[in-house]
Structure formats: C-alpha cells, structure tokens
Amino acid sequence: MRVPTLTTQSNGVAYSKKAFTIADFTLPSPTSLPLRQNWGNSMGGSSFSVQWLPPFLLLTFVSSINASIHLYDHQGFREVGNSYLLSGGSEGIVALPNPSTATSHAHSFIRFENITFSRSKEAADQHSDMGHSTGLIQVVIFEAADRDNIGGSAYGGQRSICCTPDLAKLEGCKQGEVIRIPSATDINWPIVLNVQFSGKSLSASMGDSKVPITKTGMYNLFFISCDPKLKDLVMNGKTLWRNPDGYLPGRMAPLMKFYVYMSLAYVLLCVTWFFQYMRFWKDILQLQHCITVVIALGLFEMVLWYFEFENFNRTGIRPVRITTWVVTVGAVRRTVSRLLILSVSMGYGVVRPTLGGLTSKVLLIGLTYFVATELLDITEYVGTINDVSGRARLFLVLPDAFLDAFLILWIFTSLSKTLEQLQAKRSSVKLDTYRKFSNALAVAVIASVVWIGYEVYFKATDPFNERWQSAWIITAFWDILPFGLLCIICYLWAPSQSSQRYAYSEEKGEEFDDEETQSLTRGKPEGDISLANQDNNSAEDEEEEDKRE
C-alpha cells in the first residue's frame with residue numbers, strides 16, 4: 001500500500017506527515033450492513049470512565065447534529081477514558097454497486113472542509129518554538145461493524161482508546177496514539193488521519209480532503225486526542241456526508257419516497273371524499289366537516305414532509321423554520337384526529353347535539369396533547385438542542401405517552417356508553433355503524449400495542465443500529481395506521497343523501513330507525529281514531545251494565 005503525505009498547516013506554516021491513504025483506497029465489493037442512522041454533533045455529559053468501547057459508541061447514536069453537512073462551531077472535546085474526543089457524526093451511507101462507472105456527483109463520501117483545532121496558551125507554552133510535533137489530534141473513521149477495532153485492553157482489564165505502555169507491549173501500538181486494529185474485510189480500515197500542532201502555535205488546520213465510501217454501512221467519525229495537555233481543545237469547521245442520491249442520510253432516504261406514496265394516497269382519499277362532499281353538500285353533517293379538516297391536514301403534512309426531505313437531500317441543510325412548520329402541522333393533525341375520534345365516541349352529532357359541559361374538558365386535553373407532542377417533535381426533528389439530555393428526552397416522551405393512554409381510555413369509556421344508549425333506543429342503523437367503528441378502533445389499538453412491543457424489541461436487539469436500512473419502517477407505521485383508521489371513518493360516515501339518518505334529532509321518534517318508524521306509521525289516521533272510538537264504546541257499555549244491575 002502506498003503511504004502518501006498528508007499536508008497540514010499550523011499558523012500558516014505547512015509541514016508534512018505520514019498518514020493512511022484516502023483517495024486511493026480500494027475496497028471490496030459492498031455488502032449490505034443494515035445499520036441504523038442517527039445524528040451526532042457532540043457528546044454531552046460530564047467526563048466518565050470507559051469499561052468497554054461499545055458503550056461509548058452508543059453515545060454517538062443518541063446525540064444530534066444539524067444535517068448531512070455537519071457544522072462544528074467552537075466544539076469542545078470530552079474526556080472519555082484515557083482520551084479526549086469529539087463525535088463528528090454517525091450516518092448510514094449507501095455505496096453504489098459499481099462506483100467506477102458512477103459520475104462524480106453520484107459517489108458517496110465524507111469530506112472535510114476548514115477543519116481547525118485550537119488549544120489553550122498554557123498548553124502551547126509547554127513546548128518550544130522549534131518543536132515539529134507538539135500536539136497530535138487523530139481523525140478516526142470506521143464502520144460500526146468494526147467498532148471493536150478501535151481501542152484495546154491489557155490482560156482483560158479496562159478498555160482504552162489510546163495506547164498505554166502495557167498495550168504497546170501486547171498490541172504493538174504506539175504509545176500516545178489511538179489503538180487501531182485493521183478490519184478483517186479490509187486492512188485499510190478503520191481510517192486514521194493525523195493532524196499536528198507545530199511549536200507554540202495555538203491552532204492547527206487539517207487540509208481539505210475527501211474520503212470515498214465504497215461499502216454500504218454505518219460510518220462513525222471521531223476526533224480524538226490522547227495528549228492530556230490538549231484537554232481544552234476546541235474545533236471549528238464542517239464535514240459533508242453524501243449518499244449517491246444526495247445528502248439525505250441513508251436511514252432517512254426511504255422516507256422521502258414513502259411520503260410521496262402517502263401524499264398520493266391522501267390525494268386519492270381527498271378527491272373521493274370531496275366528490276361526495278360536493279355532491280351531497282345539502283345533507284352534510286357537522287361531523288363530516290371535521291373529517292374534511294383532518295383529511296386536509298393529513299395531506300398538507302405529508303406534502304410538507306416530502307418537500308422538507310427533498311430540500312434536505314438537495315442542500316444538505318435542514319432549516320429550522322421549515323422543519324418547525326412541518327412538525328407543527330403534524331402535531332395539529334394528530335391532535336385534531338384524536339379529538340375527532342373522542343367526539344365521535346361520545347356520540348357528538350348522533351346521540352347528542354353538542355358536547356355540552358364536556359367541551360371545555362375536551363379542548364383542555366387537546367391543548368395539552370398538542371403542547372406535549374409539539375415539544376417532543378421539536379426535540380426529535382428540529383436542529384440541535386444541546387441542553388436536552390437523555391433524561392430530558394425521556395421527560396418529553398412520558399407525558400405524550402401518558403396522554404395517549406388517557407385518551408384511549410376516555411375514548412373506549414365514552415364509546416361504551418354511546419353503544420348502550422343506542423342499544424337502549426333500538427337504533428339499529430346507528431348501532432351497527434358504531435359497532436363497526438368500535439371494532440376498527442380496537443384493532444388499531446391492538447396493532448399499536450403490538451408495534452410498540454416490536455419497536456422495543458427492534459431497538460433492544462440492535463444496540464448499535466445495525467439494521468438501519470429497515471429502521472424507516474418504524475416511523476412509517478405511525479403514519480400508515482392513522483391513515484387506515486381515517487379511511488374507515490370516511491367509509492362509515494361518507495356523505496350521502498341519507499346522511500341525516502345519522503344526525504341527532506329531538507323529535508319524539510328519535511329512538512327508532514327510519515324503517516322502524518315507517519313500519520309503525522303505515523296505517524291510516526282513521527284507523528287510529530276507530531281504535532279510540534272502540535275503546536270509548538266499550539267503556540260506555542260497561543257503564544250501562546252497571547246501571548242495569
């Protein structure tokens with residue numbers, strides 16, 4: 001293997017050092033390594049000791065970054081075990097089967113631009129002006145499948161990222177540098193690039209370079225220093241991570257196509273509903289107006305998600321305003337959907353004209369649910385919230401889950417009372433519709449519980465996100481399920497010329513169906529009078545008999 005010279009600069013002075021080759025790496029044919037992408041900008045939390053390397057890698061999967069263009073603005077290093085490091089990102093990258101035939105824009109790569117490291121004046125003053133290498137930072141890129149190839153342990157003890165005197169004897173590593181074990185599939189990986197300070201310089205720059213990715217997998221980037229004098233190290237610059245089709249991370253790429261299909265599905269539902277809506281607009285119920293709003297919100301949300309992903313894929317940047325709009329529309333849609341189901345379960349417009357005293361309670365639970373969902377979605381999708389730790393995220397998940405459980409309980413309790421009222425009033429048409437609705441709702445709840453169990457199993461059995469290529473299904477399910485339930489509601493309460501038979505009526509015959517009422521009133525009015533006369537005649541005959549006695 002040819003070992004090229006990587007040129008870096010320190011305070012404008014160029015110098016050379018040996019490093020692993022980047023552009024000339026020849027990797028084996030790509031294999032499908034299903035790893036899940038998540039974003040990482042910097043590792044939060046206080047310094048801690050490391051007993052084993054994989055737990056430290058897990059931190060990269062729960063942190064967040066701006067986008068596929070990873071920006072580092074005065075990012076500090078964290079102490080992890082016997083090293084100081086900064087997580088540069090973690091993304092699933094898809095490689096082309098034949099990269100040699102692809103165009104320059106279709107290659108997958110990780111590119112470094114304007115990377116600069118700064119150290120404190122106290123650390124620089126500990127060296128002489130003539131020193132050639134007075135501080136080493138190593139840039140480490142590895143695939144998640146090779147996570148055990150970084151670091152080592154002596155005699156089965158504490159695992160270290162940096163080489164120690166004992167490990168230097170056992171592993172043959174160089175003391176003060178990152179321990180690197182060649183990959184079993186390619187001896188050139190993991191990649192380790194060196195950046196060094198010169199003399200008493202306060203900064204060191206990494207020359208712009210590009211690492212081509214020719215093997216599909218989950219790739220991790222770390223900036224690591226084994227020198228305790230560089231514990232106050234700060235970094236600026238950016239890295240660009242690109243897939244063949246754009247900047248969209250590998251795990252998110254299938255979702256862009258998914259939202260195209262979901263948008264088309266909502267368009268089809270919208271056209272069908274709107275046709276019936278306009279055809280029988282004179283007989284439209286208030287409930288059907290609410291269904292129209294939910295359909296429109298669902299279509300709007302899917303379209304926004306697609307354009308947000310398309311912009312992300314094209315530019316590599318995820319603007320905060322656009323993403324905020326998308327998650328807000330989604331939070332509104334989910335809130336209105338749940339309030340619609342709750343109102344239907346209470347018999348709104350069917351057994352009661354209004355919600356009465358429950359209106360304020362329904363609006364209050366709706367507002368609370370919207371706030372909880374909005375905060376959770378903003379934390380998950382909008383930019384970087386560095387001060388939100390893992391506990392804070394859990395704190396945001398728990399209220400949303402609690403409110404969902406409370407709404408499900410309230411919905412089924414109200415639905416049970418509505419069914420009892422309809423059964424007592426012998427309203428068979430409405431009763432049949434509500435039974436179908438309750439069955440569909442029960443299936444949806446069971447499917448949700450089963451899917452939550454599967455999601456927990458999926459994540460528990462994949463701690464390092466090695467199934468990232470199929471992880472998009474977890475997100476997609478929570479859009480497919482409400483759409484299916486919405487289609488069932490649209491079918492049960494579709495606009496028609498007989499829509500009014502589902503409406504609430506204060507007339508005396510409300511407790512009967514139209515067919516039942518017609519069967520009881522088919523007789524002529526004269527028939528009713530004759531029955532009354534017969535009763536009167538029988539009463540007069542009894543009086544005459546009493547007089548005779």
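Strands are DSSP runs of E of at least two residues, numbered from the N terminus. The views below are taken from a predicted model.

**View 1. His74 in strand 3 of the predicted model.** His74 lies within strand 3, which spans residues 69-76. Its phi is near 55 degrees, a positive value in a residue other than glycine. With a relative accessible area of 57%, His74 is classed as exposed, because the cut-off for that class is over 50%.

**View 2. Strand 6 and its antiparallel pairings.** Strand 6 comprises residues 108-118 and pairs with strand 12 (residues 209-213) in the antiparallel sense over five bridges. In this pairing, Phe112 stands opposite Ser209. Eight bridges, again antiparallel, connect strand 6 with strand 14 (residues 234-242), where Trp241 lies opposite Ile110. Strand 11 (residues 203-206) runs antiparallel to strand 6 and is joined to it by four bridges; here Met206 is the bridge partner of Ile115.

**View 3. Asn114 within strand 6.** Asn114 belongs to strand 6. Although Asn114 is not a glycine, its phi is positive, at about 55 degrees. The relative accessibility of Asn114 is 54%, so this residue counts as exposed.

**View 4. The cis peptide bond between Trp189 and Pro190.** Trp189 and Pro190 are joined by a cis peptide bond with omega of about -5 degrees. Pro190 is located in the loop between helix 3 (165-171) and strand 10 (191-196).

**View 5. A nonpolar surface patch including Val260.** Val260, Tyr261 and Leu264 make a nonpolar surface patch of about 320 Å². Val260 is placed in helix 4 (residues 253-279). The relative accessible area of Val260 is 32%, so Val260 is partly exposed.

Technical notes: Residues numbered from 1 in each chain as written. Predicted model: local features only at pLDDT ≥ 70, side-chain atom pairs only at ≥ 80, totals over all residues. Heavy atoms only, no water. Pairing = 2+ DSSP bridges. Patch = residues over 30% accessible without salt bridge, like charges linked within 9 Å, V, L, I, M, F, W, Y side chains within 5 Å. Areas by Shrake-Rupley, 256 points an atom, 1.4 Å probe, with all protein chains shown as cover. Salt bridge = Lys/Arg side-chain N within 4 Å of Asp/Glu carboxyl O. Buried < 20%, exposed > 50% of the residue type's maximum accessible area, 1.4 Å probe, protein only.
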